[in-house]
Each structure stands twice: as C-alpha cells, then as structure tokens.
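Hi,

Here is the structure I promised to pass on, with the sequence alongside. Have a look first, and my notes on the aromatic rings and the nonpolar core follow below.

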Amino acid sequence: GNGYQGNLNLESETAYNFALPGTWHDPAEKIWSVSVSPYYTHIADYIWARAESIGSDGFRGMRFVNIPYADLFGVDASARFAFLPESSAGSFAVRASLAYVRGIGKDGGRGRPCPYTNAIAGGNYLCDAQGWSADGLQAPDKVTLYHMMPIHGTIALDHKLDSDLGNFSNY
C-alpha cells in the first residue's frame, strides 16, 4: 500500500471532450447494429497523486497535486446480431462491447522520486537507478496516467419471449 496526503489548494479540473460517434444498423433496426464512438478529452488542472517519497521497502508517500493537463484517448464500441430473431421459443441475439482508454499527462517538470534507493550513512538514501540524479528526483515532461481501465469487453446472449402470459427478457 501507499500513503496519500490530501491538498486543500487543488484547482478544479476543467474537461473538454470531443467525440465522433457512429451507428449503423439494418433498415428495420431488428437484426444487426454496430456502434463506434472514438473520443478525445483534454483536462486542464488534472488532479494526480505524485510520489513525494519512497521508503527502502518501496512504500510511497503520495500527495495530491494538479498537473497542467491530461489527455485521454479512447474508443467505445458495441455490436448486436439477432441470429434467431423470430421463433416459437422467442428471439435470440448476441451482443458484444469493447472499450479502451489511454491517458497521458503533462507533469510540468515537478519531478518524481527515484524507484531504487540504497541506504547510506545517517539513514539517508541515495538513488542508484541509471539516468536518475543523485538526489533521486527526475522531471519527466509527460507521464502515463494510472488507474485507467485496461481494454475490456463483454459478450452476452439476449433472449426475449413475448407471450399471452406476459413478456420475458433474459440478458
């Protein structure tokens, strides 16, 4: 686990979203449909948890901060196909969905601590990772946002039966 420290001086996030959704289907809208929605979101003053310290055991002390901005790129897609649209047992269809998002943030060069440290005299730690400065701080321009849902999807079987006794749906 990590330790998180709050920050009462955080700025509010402001998000701007652009999407280009598209939907296609059969003329009667009963047999098949496909929907794809790529999107881009730009977030100003993105709230991010920055590692302020790393202990010798790998425990990170995190602090909530604003970074200048974050960009999210993604796509949501879904499809449905009625393979048995009208039968005495009801209508049967298969549907699927897929979602992907990637997030990149501008860190603003505020730095992050070294992931590998060695103890030196006096209880202090010295960074020993190649490419990191001796004080253990490195200032990347861009960072990959964490806690982004990995690519994921679902496949489901739909069943619907309309009868004199009532309507039955199973998803």
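The structure holds 3 aromatic pairs; please keep in mind that this is a predicted model. I will take you through two of the pairs.

In one of them, the ring centres of Y4 and F64 are 5.7 Å apart and the planes meet at 25°, so this pair counts as stacked. It connects distant parts of the chain, since Y4 belongs to strand β1 (residues 3–5) and F64 to strand β5 (residues 60–87), 60 residues apart. Y4 is partly exposed, with a relative accessible area of 42%, and F64 is partly exposed as well, at 29%.

Another pair is formed by Y40 and F73, and this one is tilted: 5.3 Å from centre to centre, with 45° between the planes. Here too distant parts of the chain are linked, with Y40 in strand β4 (residues 32–54) and F73 in strand β5, 33 residues apart. Y40 has a relative accessibility of 30% and so counts as partly exposed; F73, at 38%, is also partly exposed.

Which residues make up the largest nonpolar core? There are 10 in all: I43, Y46, W48, V65, I67, A70, L72, V101, V143 and L145. Strands β4 and β5 each supply at least two residues of this core, and the largest share, 4 residues, comes from β5.

Leaving aside residues up to four places away in sequence, V143 touches W48, G103, I104, G105 and D107.

Best wishes

Methods. Residues numbered from 1 in each chain as written. Predicted model: local features only at pLDDT ≥ 70, side-chain atom pairs only at ≥ 80, totals over all residues. Heavy atoms only, no water. Phe/Tyr/Trp six-rings, centres within 6.5 Å; stacked < 30°, edge-to-face > 60°. Buried < 20%, exposed > 50% of the residue type's maximum accessible area, 1.4 Å probe, protein only. Core = buried A, V, L, I, M, F, W, Y, C linked by side-chain atoms within 4.5 Å. Contact = heavy atoms within 4.5 Å.
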